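Subject: A structure to look through

Dear colleague,

I am handing over the structure below, and I would be glad if you kept it open while you read the notes that follow it.

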Amino acid sequence: MKVYIVTAKEMYDIDNYTMKKIGMDGKLLMENAGRAVSEKVERLIEKSDRICIFVGPGNNGGDGFVIARTLMNKRYDVTIVQVVPDEKITGDALYHKNVFVNYGGSILIAQQESEVHDVTVNSDVVIDAILGLGVKGDLREGLITAVEVINEVANRVISVDIPSGLPADEGMEEFTSVQADFTIVIEAPKVSAFLQHTALYYGVWDTVSIGLPLIAFQRYAKRNVWGYEQFKDCMPRRDPYSHKGDHGKGLTIGGSATMPGSIVMTAKAALRAGAGLITIGTSEKVINRIASQCIEATYFPIHEQNNHPSIPFEEFDAITIGMGMGRSGNAAALVAHVVEQTDCPLIIDADGLFHVKTDLAKLKVRKSPTIVTPHPGEMAMLLDISVKELLITPFYWSMKIAQTYNVYVVLKGKHTIITTPEGIQVVNKSGNAGLAKGGSGDVLAGILLALVMQQRSVFQALCNACFIHGKAADLLVEETHSDQDLMASDVIEGISKVYRTLS
Ligand SMILES: NC(=O)C1=CN([C@@H]2O[C@H](COP(=O)(O)OP(=O)(O)OC[C@H]3O[C@@H](n4cnc5c(N)ncnc54)[C@H](O)[C@@H]3O)[C@@H](O)[C@H]2O)[C@H](O)CC1
Ligand SMILES: [K+]
């Protein structure tokens, strides 16, 4: 199933559509939410656990009342702690509060620190339904006390939808949030589940369905997760009658006297990922040294002073440029030459990005797809912003580069974000910390090259390439390696493990 990623606004739009156009009542959605969350909670707790459910002023609190009633009805030991005065609970939440009370449930209205502290330390599990999508600005008194006490003394915390206080969207640097052990996300993960500075607040997360219609997600949600299902569905299978020419003839330009290895890894990864033929265009000084490391490739020597080499670009189906090529003036001129003279998909990585920075507008006029594959440091360099600024708002900045320069952007990281020039965004699901090592990006560039040559849709090729790269690392870490010892060259071998899952 497609997992959508939503902003707060998109989720409210989906909600409104469901209520107004489809005709499902808000109280019913809240009932569904509370029931679905309770079911998940039951799998995480023991029957003997003392449960305390913190509820706040909005509909997230309303979910809390439904959860309390559902669990109480199953003979769990449940206490509701309401952290706002009675008059703050209104609408659907008030309806479910009254139902809970009519069921015989009791409510502790606790706003003093000592009361909140006592009830929290005397519970085995805290269910956090203080705030959800609707959080705005700094937490007001009462709520902030509850959040701080929960973070200090709670044994286990399960948040409903979002850890309370955490913004759903990107762009917020300062906030006070519950630190959850587990978050039960309603319907679709929010953008903040994929940002470096906010993702950890969720702990482990899982989604529950509350009956919102797929058609509403298709209409309003703009992003989704790319996982095994998507990879399996659209990864092209090899035709038994195919020949090497059918799988693309790729050129990879890079490497230099001091960095000869990266281009080899790119070439090997491309061949392992299925490319038909790979030519390495590199410094004539290093060819003899590296040729024995990738005997399947052919080589095109580039004299280091010659930035207009007579490479027959028209013979290639796709090109990568940049890995290990260094930052000399000649390398810069070579990158500019390739950007201008080639008319096939071009993947620009590493030092290639450094060089295109001087004239990004050139990318805009290319007729064939251009793909930039920066890590956060390179992306910040392209944008003239700090890495911190980038990481707080990576979806926005990816979109900005993609649309301004008419390029595909692969922003690499724990949650790699792939953006098309038309503004479609996907987050790759695979990968682990073992990939945080030198050479990892070179391997990805090779897989990207191979897949761009084999899939009609550049977007799907990029998504599948990122998935394969991460999944290879995941399978290696599960089976034979750890995220400590994994090396980029291992990942090349791991590609086979990923492909074998398809057979
Ligand atoms: N389709 C769905 O996803 C459904 C979601 N449900 C749940 O409802 C919440 C969103 O509800 P909403 O009422 O819009 O927001 P909150 O619960 O977060 O509460 C807003 C509430 O809080 C006050 N507030 C906002 N910021 C602050 C602050 N800084 N300090 C203090 N108080 C603050 C604000 O004034 C409002 O009164 C969603 O997350 C789901 O859990 C539905 O139950 C079912 C459908
Ligand atoms: K919450």
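Predicted model: local features only at pLDDT ≥ 70, side-chain atom pairs only at ≥ 80, totals over all residues.

Residues are numbered from 1 along each chain as its sequence is written, and chains are lettered from A and ligands numbered from 1 in the order in which they are written.

Strand S6 (residues 157–160) is covered on both faces, with Val 157 and Ser 159 buried on one side and Ile 158 and Val 160 buried on the other. A residue is called buried if 20 or more other C-beta atoms, placed from the backbone, lie within 10 Å of its own, exposed if 12 or fewer do, and partly exposed in between. In a regular strand the side chains alternate between the two faces of the sheet. S6 also pairs in the parallel sense with strand S5 (residues 125–129), over three bridges, and Val 157 is the bridge partner of Val 126.

Further along, helix H14 (residues 376–383) has Glu 378, Met 379 and Leu 382 buried. These buried residues fall within an arc of 100° seen down the axis of H14, so they line one face of the helix; the arc is that of the directions from the helix axis to the C-beta atoms. Just after H14, Asp 384 takes a positive phi of about 60°.

Gly 276 lies in the loop between helix H9 (261–272) and strand S11 (277–283), and it counts as partly exposed because it has 19 C-beta neighbours inside 10 Å. Gly 276 and Asp 63 are 213 residues apart in sequence and 55 Å apart in space, C-alpha to C-alpha.

Finally, which residues come nearest to ligand 1? Of the 29 around it, they are Gly 58, Asn 59, Asn 60, Gly 132 and Gly 134, a residue being near if its C-beta atom, placed from the backbone, lies within 6 Å. Helix H3 (59–73) is among the helices that each supply at least two residues of this shell, and H3 gives the most, with five residues.

With best wishes

Note on methods:
Helix = DSSP H or I, 4+ residues; strand = E, 2+ residues; numbered from the N terminus. Pairing = 2+ DSSP bridges.
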